[in-house]
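Here's a quick briefing on the salt bridges in this one. Have a look at the model first, then read on.

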Amino acid sequence: MRMLAAALVSASLLACCHSVRAEAPRAPFGLWRVADGSALIEIKPCGRALCGYVASAPAPGPGEKSAIGQKILLDMQRQGAVWRGPIFNLDDGKTYESEIAVGDEAHLKIKGCLPGGGLCGGENWKRER
């Protein structure tokens, strides 16, 4: 799980923001494998929003808590062609601004930004189901 959180933070610090097409968003519900392949995230409705939960992750180290079941996409709201809301980083316990959009039916684009919209970055997740 540490790899997932590190990948999200690293992507937000190292990459440039990506633009997203201005079409109506496709709902990203389903099971997604993170870019480094270390974890699966299940995205499902939560009220009028969507949320993402860790469905599969590496076993925790001694004395560490399992990440499975942890909510990391927090009440994402549809805004035009994307879904926006906070993303929780399990490693540092911090929440960052984020945006997700279905790139094609097999890929989900994830973008994260430091607070205040500073440096942004992203990665693509692959649909598992």
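This is a predicted model, so local features need pLDDT of at least 70 and side-chain atom pairs count only at pLDDT 80 or more, while totals for chains, interfaces and linings use all residues. Residues are numbered from 1 along each chain as its sequence is written, and side-chain values use heavy atoms, with hydrogens and water left out. There are four salt bridges in the structure, each being a side-chain nitrogen of Lys or Arg within 4 Å of a carboxyl oxygen of Asp or Glu.

**The Lys-71 pair**

- Lys-71 bridges to Asp-75, with 3.5 Å between the closest N and O atoms.
- Lys-71 counts as partly exposed because its relative accessibility is 27%; Asp-75 gets that label at 39%.
- For the labels, buried is under 20% relative accessible area, exposed is over 50%, and partly exposed is in between (1.4 Å probe, protein chains only).

**Around Glu-99**

- Arg-84 pairs with Glu-99, the closest N and O atoms sitting 2.9 Å apart.
- Arg-84 is in strand 5 (residues 82–88) and Glu-99 in strand 6 (residues 95–104), so this bridge ties together parts 15 residues apart in sequence.
- Strands (E, at least two residues) are DSSP runs, numbered from the N terminus.
- Glu-99 also meets Lys-111 in a salt bridge, 3.9 Å from N to O.
- Lys-111 lies in strand 7 (residues 107–113), so its link to Glu-99 in strand 6 joins parts 12 residues apart in sequence.
- Through shared partners, Arg-84, Glu-99 and Lys-111 end up in one salt-bridge network.

**Burial in the network**

- Arg-84 is partly exposed, at 35% relative accessibility.
- Glu-99 is buried at 8%, and Lys-111 is buried too.

Conventions
Helices (H or I, at least four residues) and strands (E, at least two) are DSSP runs, numbered from the N terminus.
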